[in-house]
Amino acid sequence: MGINLNVDCYGSILGVEVDLPTKSYVTELIGEQESKGIGKIARPEDGGFLKPHIFTSTIPQIDGGTNISIKIRWSQMLSYKAGRFSLTVPFCFPEYVTPAIKKISKKEKIELNVNSSVANGILCKATSHPLKEIRGHEGKFSFLYEAEIFKWSNTDFRFSYSVSSGNIFGGILLQSLYDYDQRDMFCIYLFPGSEQNRKVFKKEVFVVDISESMQGRPLESTKSAISAALSKLSPEDSFNIIAFSNEAFQFSTSMELASKDVIERATAWISMKYTVGGSTNLFIPLEKAADMLSNTRGSIPMTFLVTDGSVEDERNICHWMQKRLTNQGVLCPSIHTFGIGSFCNHYFLRMLAMIGQGEYGATFDLDSIKVQMNKLFSKGLSTVHANITIDAFDDCEEIEVYSSRIPDLSLESPLTIYGRYEGSFTMDLKIRRAKDIPLDSVLARRQIDAANNSGLVAKLSIQTCNISEYTRMTLLEKNKMLKALKHFGAWKKKGDPQKTVESEPPEMILLQRLSVGFGDLIATAENIRPGSQEPELPEVAKIFIKTTSNYFGGIRNRWCCMGCIRCCSKMNNQ
């Protein structure tokens, strides 16, 4: 039994429960130090990655005909664009899960609860299944779909709704907590609205890694994404491109207006760039980009950084950038970062984007580089308000904000600012008590990503079930038969009629490491390409991956059955 999920920066698995007649299995996060005392470790083939985006965990000894109950919990960010939220959940099943012997009636059921928290009403825009609204009150809505079918669904569940008008609006959510911190939590939200005609002039510098490890799909996909981004610029916008490895190469010595002729020359220039050997040096191109954008007036400056490697001076780069942006004044360039593969330090890229009030994006699947990079570029290029400040935060010791700088507001991304507070503070926004919204759980992933204290990260990770660099996931196997026997009375150990056997503690299996890590300096120095060190898969597994990709290619979190791979290997070609 396996779970198949796309591990990226937009969502993560929180836990799995499998219930059988005689046993049950449940995942649990423990600290890194505690994990060292576990003797039983899952083999790579029993728990790990088939591909960078497909993780499997084997549940052993399941007999044919067994009734299985599976519960999967995950967190997933809703997509947002033009005032509309969209949710996509995998609900598409391959043909082989439907018995071919005879038609058997089955039941499909989807129950959707929406707690908008930001508006009393929502407007349903689109849905893949005929949902019926069964409840609706003060921003809380419940929908239901039920159907008798003979064939499992071949359509993923999609639902989108709108909560905003054309104008910018916002509010504050408050939640009282009783945890290790003792302070309450707040979340300030600001929506850009749906108006698309707000014109903001921009200056962009694209900083692109062309070290030898980027050869092939990573660089070609990056070139294509940059060309698409350039085509969306208006003639009043200006841009430049810097390619780098151990040295930097500029398209132009200064910023260029985005005229048709200049864009064509830039597209031709970047398309002719090939990977070069040598180490990866991030500081030189970032410094050049900062210098180009240092005297910006009347437009929003921004830098897009794309890389697949790690460097040794990442901490110094963050400190340098923080100091430079602080000294630059009111209009500071925003920094958007994008990481490719597992060799780059995603924690560093996330922190650099946070310092630069920008967005962070990443992919571990070479096939999705262009799509994910286009999303990041589109968010940055849709910025409508930059360098936002909140007066209530000035010199207020009772408020702690979980971000060193407030992000810019984009048409394609609501702005959220969150943290802890005690006492009271004044703000001219509508306040709501988050009675039915666990803010601490919803914002846990962001808080973990922003924290720089390993002890705090581990505590938050275990408390909220979010995977981190300082925790490990385990699989607990519980024997229900022993529990049942003990319930009906003590049972005697064979050969010793006087000795009572207590219920055995659950067996704990340590799964393979699931976190991304802090990059790989050795792989970067040796210019190892992303994905090149993945183990060769059996032919059956390749077919299976292709099948699931066809059905679930657009979904970030999905599940499958590892046993199907092994079963298919024993079947003939009919």
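Begin by selecting Asp237, which is placed in the loop between H2 and E16; helices (H or I, at least four residues) and strands (E, at least two) are DSSP runs, numbered from the N terminus. This is a predicted model, in which local features need pLDDT of at least 70 and side-chain atom pairs count only at pLDDT 80 or more, while totals for chains, interfaces and linings use all residues. Residues are numbered from 1 along each chain as its sequence is written, and side-chain values use heavy atoms, with hydrogens and water left out.

Asp237 counts as buried at 1% relative accessibility, where buried means under 20% relative accessible area, exposed over 50%, and partly exposed in between (1.4 Å probe, protein chains only).

Next select helix H3, residues 260-271, whose 12 residues should span 16 Å at 1.5 Å a residue, and whose end C-alpha atoms are 16 Å apart, in agreement; the expected span is 1.5 Å times one less than the number of residues. Within H3, the residues Val262, Ile263, Ala266, Trp269 and Ile270 are buried. They cover an arc of only 125° around the axis, so they are on the same side of H3, the arc being that of the directions from the helix axis to the C-beta atoms. What covers these buried residues of H3 includes helix H2 (217-231) together with the strands E16 (238-244), E17 (248-250) and E18 (256-257), where contact means heavy atoms within 4.5 Å.

Move on to helix H4 (residues 283-292), and colour Pro285, Leu286, Ala289, Ala290 and Met292, which are buried. Seen down the axis of H4, these buried residues fall within an arc of 160°, so they line one face of the helix.

## Rings and charges

Now show the aromatic side chains, among which the structure holds 19 pairs; rings of Phe, Tyr and Trp (its six-membered ring) pair if their centres lie within 6.5 Å, with planes under 30 degrees apart counted as stacked, over 60 as edge-to-face and the rest as tilted. Ring pairs link Tyr80, Phe85, Phe143, Phe159, Tyr161, Phe169, Tyr189 and Phe191 into a cluster.

Two lysines can be viewed against rings as well. The charged end of Lys106 sits over the ring of Trp152, 5.7 Å from its centre, and the charged end of Lys223 sits over the ring of Tyr274, 5.4 Å from its centre; a charge sits over a ring if NZ of Lys or CZ of Arg is within 6 Å of the ring centre and within 35 degrees of the ring normal.

Gln175 is the next stop, in strand E13 (residues 169-175), and it is buried, with a relative accessible area of 11%. Its side chain reaches the backbone nitrogen of Leu439 at 3.0 Å, and a polar atom of that side chain lies 3.1 Å from the backbone nitrogen of Asp440. Leaving aside neighbours within four places in sequence, the residues in contact with Gln175 are Asp184, Met185, Arg433, Ala434, Ile437, Pro438, Leu439 and Asp440.

Then select Glu412, in the loop between strand E24 (409-410) and strand E25 (415-421), which counts as buried at 16% relative accessibility. A polar contact of 2.7 Å joins its side chain to that of Ser378. Not counting residues up to four places away in sequence, Glu412 touches Lys81, Ser378, Lys379 and Ser382, and also Tyr80, a residue of the ring cluster visited above.

## Last stops

Val384 lies in strand E22 (residues 383-385) and counts as buried at 9% relative accessibility; its C-alpha atom is separated by 5.9 Å from that of Leu409, 25 residues apart along the chain. Asn387, in the loop between E22 and strand E23 (399-401), has a positive phi of about 50° although it is not a glycine. Asn527, in the loop between helix H12 (521-525) and helix H13 (539-552), has a positive phi near 55° and is buried, with a relative accessible area of 13%.

Key: A polar contact is a pair of N or O atoms within 3.5 Å; within protein, one must be able to donate a hydrogen and the other to accept it, and residues adjacent in sequence count only if both atoms are side-chain atoms.
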